[in-house]
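Work through the following exercises with the sequence and the 3D structure open, and try each task before reading its solution.

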Amino acid sequence: MNKEYIHIILADDDEDDRLFFTDAFSELKISTKVSTFNDGVELMNYLNDSESVLPNILFLDLNMPKKNGIECLHEIKSNSRFDDIAIAIYSTSSSEEDIEETFVLGANIYIKKPSDFASLKKILSDVISINWQYHTSGLNKDNFLLRL
Amino acid sequence: MKFAGFLQKPLALKILFVISIAVIFFISGITYKHLSKLSDSSEEVTRTHEVSLQLERLLSQIRDAETATRGYIITRDSSYLKPYTLAPIRIDAAISIVDHLSKQNDNIPLLRKLIDNKLRIMGKSIELTNTNKTAELRLNLLKGKQTMDSIRFCVASMSELETKILSIRQEKYNNTFSNTPILIYITILIGLILSVVSFVKISRDLNELKKTNNQLSIANESSNMAEMVGNFGSWQWEIEKDHYRFSDNQYRLLGCEPQSFEANFDNLMKYIHPDDLEHVQHVMSRMIQNEKLPSFNYRIIKEDGEIRYFRGIGKLITNKSGDKILLGTTSDITEEYNIMQETEERNRELERSNKELMAFNYVASHDLQEPLRKIQTFISRLNDNEAANLSDTGNDYLKRIIVAADRMRNLIDDLLQFSRSNKTEKNFETTDLNQLLENAKLEVSPTIEEKNAVIISEKLPELNVIPFQIQQLFTNLISNSLKYSKENVAPEIYIKVSETNAADETQLPSSAKDKYYRITFRDNGIGFEQEYAEKIFILFNRLHNKNEYAGTGIGLAICRKIVENHKGYIFAKGEPNIGATFTVYLPLE
């Protein structure tokens, strides 16, 4: 993370959510580069392209058409090229099953989409300021779900 | 006692029988020997008598000859001489008989010599008579008399000896057989005793047999009755003899009169549903090989055409005689089968509705939340960025929209929680309730700080619970107390715990278990009228207007659900303006 900016990718099929996401980062005034993808297929096409710049943090929605977040997570975790990408699950659902499954698959943090903009900003600013190496080594099921 | 026990055995009877037979043989032997001796001895007596008789006859022949000689001497009539001429032959015959019968051969030659002498003397007398030599005759006669005396003496001594021998034999015989009657008597006595013992044993055995027979017939009758009540029948198949026996109820199950057709394989197979025939025959042939098999189901067609479901079970046994017998029972499970079908159908329905519920859960958790979340986010952005551009009325409306959207969010969250507490899978683990209470306090810590609330709790036990549910229970109870606190009074919540016997707790129903932990949450809040104590646990039931106190009316319903999941009880007690007490009973085990 010693680059000038943090490269962030969001894969989410919902246009409004992509808007909130990019708006939040533009308001946060942190030097970030945010790219968004509309579904899992688009995302994986980008990541698998060897010329693509890999993100520092990937925000992954679970419920997407064509290829859902769980499938993407599978593919990313089975490719060592993506080992340095921190993966944040970014979902409306907070069901035990989803949290359990993504934790087991090796996601780094689970974010339940907040319902007001201020909270969203806070969450995103918290997430990008996490020291991922430190966070990942002490990761367990209790601190996996991000609580505010 | 040992002997009596010995008599109980069938072997005893055989031994007694053998002994009795031996006794009879023994008696027969003794009697035979005795009788043959007896006959010997009587022969002996006859012989002695015969000897005496012959000796007598001998003497009388000589005397006859003497008389004849004397008659001739006196009369000189030769016709008197006839007995004399016959005498030698007769005497010879008599002597040879005596010689044959008597054992005293020593005296016979002497006797014969004496008799020959006598006869010669007689012949000389006759001769002297013819020549008239009187003096010589006299002398000869005297000589004849002397010889005669000698003969008499000899005969007498022979007779005497014979008698003596007889008496010796008699005595010897008597000596030998004087013990025989006692021996026979004793043997017969033993034989009698043995026979009596055998008789007693046989009659006792017969009684036992009769008793056993009675019990057997009672058992038979009761098994018949059991079959009728239990709706099952039984059958036996002696495999080697290919002999079948069906119980009365087996016939009734098939819709027939008991024993109305011959019990055999083909007749039974006639009632089996054609589609199941192969299966039944296959199972029966496997039973013969495997001795025991799990039960098998099949259909039969009753006499009146009704199709019934049967369950059969068979077992191969070998009796004491080594015969292989296949024993089986058949029960009519048509009702069970129908109920099972119904249950399965209901289960399928339940599964279906469960799946629908799960689908609803997902809709509620995801699809409903998503638009709401976006509405709220847009409102928050509107509120943040555009509030200044709105009129006062607009701002008022905006605030009302925010409140309504919040309420909708709460409703959805609570509903989700309620349906989650309904989940079928329940993972119990031994948990420290103190930790769960701490977590619960943490969850509501903002409100605790905001209201300056005080929570004082005793040390809680470790208990086998569903951890997240109990934490939810604590959270809901505490937040309930915090929510309904008095204005301007810092909320105080006292949590107490104690072990208790169900019998001592009047609120608990009689069906309750023995021992419980009783955990009470008492607060100093606004309380409630006791008449609503039951109502507050019902879903969506609220005692207050939602403008006064925020709430969905789901929290306490969740509490009750959770406590029920743990086979416990929850009760509320309230006094307006004093406070409320919630009592939770959780079973010890």
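**Exercise 1.** Find how many salt bridges cross the interface of chain B and chain A, and examine the one that B:Lys374 forms.

*Solution.* The rule finds 5 salt bridges across this interface, where a salt bridge is a side-chain nitrogen of Lys or Arg within 4 Å of a carboxyl oxygen of Asp or Glu. B:Lys374 pairs with A:Asp16, and their closest N and O atoms are 3.4 Å apart.

The model is predicted, so local features need pLDDT of at least 70 and side-chain atom pairs pLDDT 80 or more, while totals for chains, interfaces and linings use all residues. Residues are numbered from 1 along each chain as its sequence is written, chains are lettered from A and ligands numbered from 1 in the order in which they are written, and side-chain values use heavy atoms, without hydrogens and water.

**Exercise 2.** Determine how many residues each chain brings to the contact.

*Solution.* Counting contact as heavy atoms within 4.5 Å, we find 15 residues from chain B and 18 residues from chain A.

**Exercise 3.** Describe how α1(A) and α11(B) pack, and list the residues that meet there.

*Solution.* Helices are DSSP runs (H or I, at least four residues), numbered from the N terminus. From α1(A), the residues A:Asp16, A:Asp17, A:Phe20, A:Asp23 and A:Glu27 meet B:Arg373, B:Lys374, B:Thr377, B:Phe378 and B:Arg381 of α11(B).

Methods. Axes are lines fitted to C-alpha atoms, for helices over the stretch in contact, and angles run from 0 to 180 degrees between N-to-C directions. Helices (H or I, at least four residues) and strands (E, at least two) are DSSP runs, numbered from the N terminus.
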